[in-house]
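Let's take a walk through this model together.

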Amino acid sequence: MHLSLPEDTFLHPGEPLRPVRVPGSKSVTNRALLLAALAPGTSRLRGGLEAEDTRWMRQAMRGLGIPLEAQDGSWQIRGGGRPHSETPLWLGASGTTLRFLLPWLALAAEGPVRLEGEPRLFERPLGPLLDPLQALGARWSPDGSGAWLHPSPAPPRRLDLRVDARLSSQFLSGLALAAAALPETSQLTWTEVASPSYLSLTTQWLRRFGCAAELEPGAWRIPGGALGSRDLDLPGDWSGAAAFLAAAAVTGRNLRLGPLDPEDTQGDRAMVAILESAGARVHWVEPQVLEASGALQRGLDADLTDCPDLGPVLAALAALAPGPSELRGLHTLPLKECDRLDASAELVRWLGGQADILGDHTLRIVPGKPDPGRPPFDPRNDHRMAFAAALGGLRWGGELQDPHCVAKTFPGFWETWRGMLGC
């Protein structure tokens with residue numbers, strides 16, 4: 001299936017873009033769901049993301065015997081029990097679900113657990129997470145369609161681990177979440193970590209569930225036995241907001257969007273500073289509502305080490321900027337749902353620009369004008385590549401293959417996108 005990408009032709013000159021309501025955060029939702037399952041008692045979560053990645057997490061929790069009910073737009077979870085499963089758990093393509101569940105199941109499951117998902121899920125790095133779990137006695141037995149996880153026969157009362165987190169901060173986050181459910185205080189250490197802002201996000205949500213975790217450079221102290229049930233509202237998604245904020249910078253039109261938490265530790269809130277550094281204007285007009293206005297005045301110059309998921313959207317934005325751009329800190333992009341570094345360079349070229357990949361971490365972009373007869377763009381079944389293509393389409397139109405891949409984190413993306421443009 002192909003989708004014709006809408007151009008910015010439906011609103012009158014100077015008319016603002018229609019207001020946008022962003023969905024809940026995938027990163028927060030999956031952390032909060034697991035913490036609610038770990039914490040003794042009944043928790044209620046409101047405003048969580050309804051999308052494929054969070055659906056796989058919820059289905060997995062139910063499959064593990066965790067009572068989870070949807071009630072009046074919220075989820076009610078009764079936590080504190082030991083997970084067990086007699087049937088395979090399907091995890092789709094959700095890396096957060098797999099990497100967050102693995103430590104908990106390795107340390108707490110009552111018996112072997114069968115995990116299955118899309119082929120790409122098990123192609124993505126897991127070794128640095130499995131190594132410490134296997135050292136604690138867990139066994140991982142992969143095959144052509146998934147893997148069996150055999151839990152540790154003698155789970156520890158605390159963790160004292162040095163972790164190789166160069167490929168993903170999710171290895172550390174998964175271990176920290178599981179450690180909070182152990183009876184004693186754990187310590188995790190590392191030398192380098194990818195996307196360190198996500199450790200701050202995990203710390204923030206550990207604390208909201210009663211665990212006074214302490215995060216320092218290269219070390220994490222996680223007290224055990226302190227988790228408690230909570231009644232919480234989950235914040236909007238800065239990752240989901242990125243393409244819409246960029247749309248205001250491309251069109252030069254005003255845009256209001258929310259709800260977003262000004263105090264949120266999501267790394268992708270760096271989008272605001274990146275846009276401002278290129279001459280756009282972004283400011284808070286209500287406690288959880290942002291207004292973006294003004295077109296870019298120059299190219300982008302940004303280090304995305306803390307926010308690599310912004311890479312595809314910023315690459316598309318750079319292809320439409322008034323000058324050349326450089327995006328750095330992209331070394332984890334080849335390990336995402338697709339090779340996003342290569343796919344982002346391909347998107348820039350599809351939009352008529354020049355894209356040069358330097359090493360495995362930097363993308364230099366010079367804008368241009370595309371061939372009007374170019375073929376449809378293939379987002380490689382990656383939601384963020386589809387978001388980025390939508391942004392490029394505002395100026396140059398074009399056809400997109402597989403538009404439904406946005407369902408992974410933002411099922412209503414196209415309806416929201418067209419609504420913003422008044423079409």
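What follows is a short tour of cavities, strands and salt bridges.

First, the ground rules: this is a predicted model, where local features need pLDDT of at least 70, side-chain atom pairs count only at pLDDT 80 or more, and totals for chains, interfaces and linings use all residues. Residues are numbered from 1 along each chain as its sequence is written, and side-chain values use heavy atoms, with hydrogens and water left out.

Start with the holes. A cavity here is a set of points, on a 1 Å grid over the protein atoms alone, where a 1.4 Å probe fits but cannot get out; lining residues have an atom within 4 Å of a point. Volume is the space filled by probe spheres set on the points, with grid points joined across faces, edges and corners.

The largest cavity comes to about 310 Å³. It has 26 lining residues, and Arg-99, Arg-124, Gln-170, Asp-309 and Lys-336 are the closest to its centre. Helices α1 (26-38), α3 (95-108) and α12 (383-396) are the elements that give two or more residues to this lining; helices (H or I, at least four residues) and strands (E, at least two) are DSSP runs, numbered from the N terminus. Sorted by type, the lining has seven nonpolar, nine polar and ten charged residues. Ala, Val, Leu, Ile, Met, Phe, Trp, Tyr, Cys and Pro count as nonpolar, Asp, Glu, Lys and Arg as charged, and the others, Gly among them, as polar.

The second largest cavity holds about 50 Å³ of space. Its lining includes Asp-309, Arg-384 and Phe-387, and splits into five nonpolar, one polar and three charged residues. Here α8 (238-251), α10 (311-319) and α12 each supply at least two residues.

Now for the sheet. Four strands line up as β2-β15-β17-β16 in an open, mixed sheet, where pairing takes at least two DSSP bridges between two strands. β2 (20-21) and β16 (281-286) sit at the edges with a single partner strand each, so one side of each has no neighbour in the sheet. Strands β15 (residues 255-258) and β17 (residues 289-293) run antiparallel, joined by three bridges.

Last come the salt bridges (a side-chain nitrogen of Lys or Arg within 4 Å of a carboxyl oxygen of Asp or Glu). The structure holds 25 of them. In one, Asp-143 meets Arg-114 at 2.6 Å, N to O. Asp-143 lies in β8 (residues 139-143) and Arg-114 in β7 (residues 113-116), so the pair ties together parts 29 residues apart in sequence.

Methods
On a 1 Å grid over the protein atoms alone, a cavity is a set of points where a 1.4 Å probe fits but cannot get out, and a pocket is an open set with protein on both sides within 12 Å along at least five of seven lines; lining residues have an atom within 4 Å of a point.
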